[in-house]
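Work through the exercises below with the structure open beside the text.

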Amino acid sequence: MRNLSVAASVTLLALALAACGSSDPAPSTAGEGASSAPAAAAGGKVGVDFPRADSDFWNSYNKYVPQLATEQGVDLMPPTNSQNDIAKLVANTQALVSQGAKAIIMAPQDTGAIASTLDQLNSKSIPVVTVDTRPDKGNVYMVVRADNKAYGTKACEFLGEKLGGSGKVVQLMGALSSINGRDRAEAFRDCMKTKFPNITVFEEPTEWEGTKAASMLQTRLEQHPDIKGVYMHAGGVHLAPTLQVLKAKNLLVPPDDPKHIFVVSNDGIPQEFAAIRAGEIDATVSQPADLYAKYALFYAKAAVEGKTFQPGPTDHDSTIIQLPNGLEDQLPAPLVTKDNVDDPNLWGNQVK
């Protein structure tokens, strides 16, 4: 595996992304560490598994991948879809390898159960790029992800300030088998305890399922009609059912109405932006579906070409950090409110 110097690594990254408007030289990065996952021989097919097709966020990501693969010159194989099923992901990965994949892009929703598959791929010198989720164990070439703890902290601070530091909120959590669900939940919980100790938090593990979110929220509102805030871990699956419950209870009212329940979400899909403009929800953290696809493909292509990267700042406003089992590029994820919801640079405003 060819080790690039720090300067060469970031220069190659800048050149690869020049067509996308990145023209400033990258800052220096620190350290000599590279991805612990192997890189395959130069060139080769890239296999990709989509994690699900029941979320507006992931459907957007799924559309970006083939489009950006063509733009970046990635030899992309026909994508598979594991439908939020770890057994299907394992089977799909095996099929992609048997069909000649030299690198794999995946987004395992169960970040613990994928370890043995990652070990098998590592033994075959097939590098893996994971998107949005960070495997608990097993070597990865690169994790393309935003700082999910920052999601929970931003949501906490937003709701805490809107509620004036006291009241009751519901946290509609994702699956706690996922590092994303755990990071968001723990950060939100810790922030509330530290910064807003007079706010009571009701935690509801929805497993990323909208029907569970609706049922849990409805029950909590019946038990505690004075709830004034909701934090949704994933707008792609939680937004519609949450709005339905609030509407059924005559609580879907403008922010200046005393009955308004403040809602902050995660994802940054167009539907959330529309809800912010309509005053139905108040904020969301924009997960960059476009950048997830863009950099997953970039790193997969780099992997099959034998390139490596080091921890440190990049030229695309992110930071690569060292993990026990590889590297992670933490992409920016801004908080979106009525003040910046029309920003044309947000990916949710670019979806047609």
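**Exercise 1. At what angle do the axes of helix α2 (residues 56-72) and helix α10 (residues 289-304) cross, and within what distance do they come?**

Before starting, note that this is a predicted model, in which local features need pLDDT of at least 70 and side-chain atom pairs count only at pLDDT 80 or more, while totals for chains, interfaces and linings use all residues. Residues are numbered from 1 along each chain as its sequence is written, and side-chain values use heavy atoms, with hydrogens and water left out.

Step 1. Helices (DSSP runs of H or I, at least four residues) and strands (DSSP runs of E, at least two) are numbered from the N terminus. Axes are lines fitted to C-alpha atoms, for helices over the stretch in contact, and angles run from 0 to 180 degrees between N-to-C directions.

Step 2. The axes of α2 and α10 cross at roughly 45 degrees and come within 8 Å. The two helices are therefore oblique to each other, given that angles under 35 degrees count as roughly parallel, over 145 as roughly antiparallel, 65 to 115 as roughly perpendicular and the rest as oblique.

Step 3. The crossing of α2 past α10 is right-handed; a crossing has this hand if the near helix is turned clockwise from the far one by less than a right angle, and is left-handed if anticlockwise.

Step 4. Contact means heavy atoms within 4.5 Å. Among the residues that make it are Phe57, Tyr61 and Leu68 of α2 and Tyr292, Leu297 and Phe298 of α10. By class, this contact has 11 nonpolar, one polar and three charged residues, where Ala, Val, Leu, Ile, Met, Phe, Trp, Tyr, Cys and Pro count as nonpolar, Asp, Glu, Lys and Arg as charged, and the others, Gly among them, as polar.

**Exercise 2. Which strands form the open sheet of six strands, and in what order?**

Step 1. The order is β7-β6-β8-β9-β10-β14, again with mixed pairing. Its edge strands are β7 (198-205) and β14 (335-336), each of which pairs on one side only.

Step 2. Four bridges join β6 (residues 166-173) to β8, and these strands run parallel, with Val169 opposite Gly229 in β8. On β9 (residues 262-267), β8 pairs in the parallel sense over three bridges, and Val230 stands opposite Val263. By contrast, the two bridges between β10 (residues 283-286) and β14 join strands that run antiparallel, and Val285 has Leu335 in β14 as its bridge partner.

Step 3. In a regular strand the side chains alternate between the two faces of the sheet. In β8 (residues 229-232), Gly229 and Tyr231 point one way and Val230 and Met232 the other, and all are buried, meaning under 20% relative accessible area, with exposed being over 50% and partly exposed in between (1.4 Å probe, protein chains only).

**Exercise 3. Compare how α5 packs with α6 and how α8 packs with α9.**

Step 1. Helices α5 (residues 148-162) and α6 (residues 179-195) pack at about 40 degrees with their axes 7 Å apart, and α5 passes α6 in a right-handed crossing. By class, their contact has eight nonpolar, five polar and five charged residues.

Step 2. Helices α8 (residues 235-248) and α9 (residues 270-277) pack at an angle of about 40 degrees with their axes 9 Å apart, and α8 passes α9 in a left-handed crossing. Here Gly235, Leu239 and Leu243 in α8 meet Gln271, Glu272 and Ala275 in α9, a contact of three nonpolar, two polar and one charged residues.

Conventions
Pairing = 2+ DSSP bridges.
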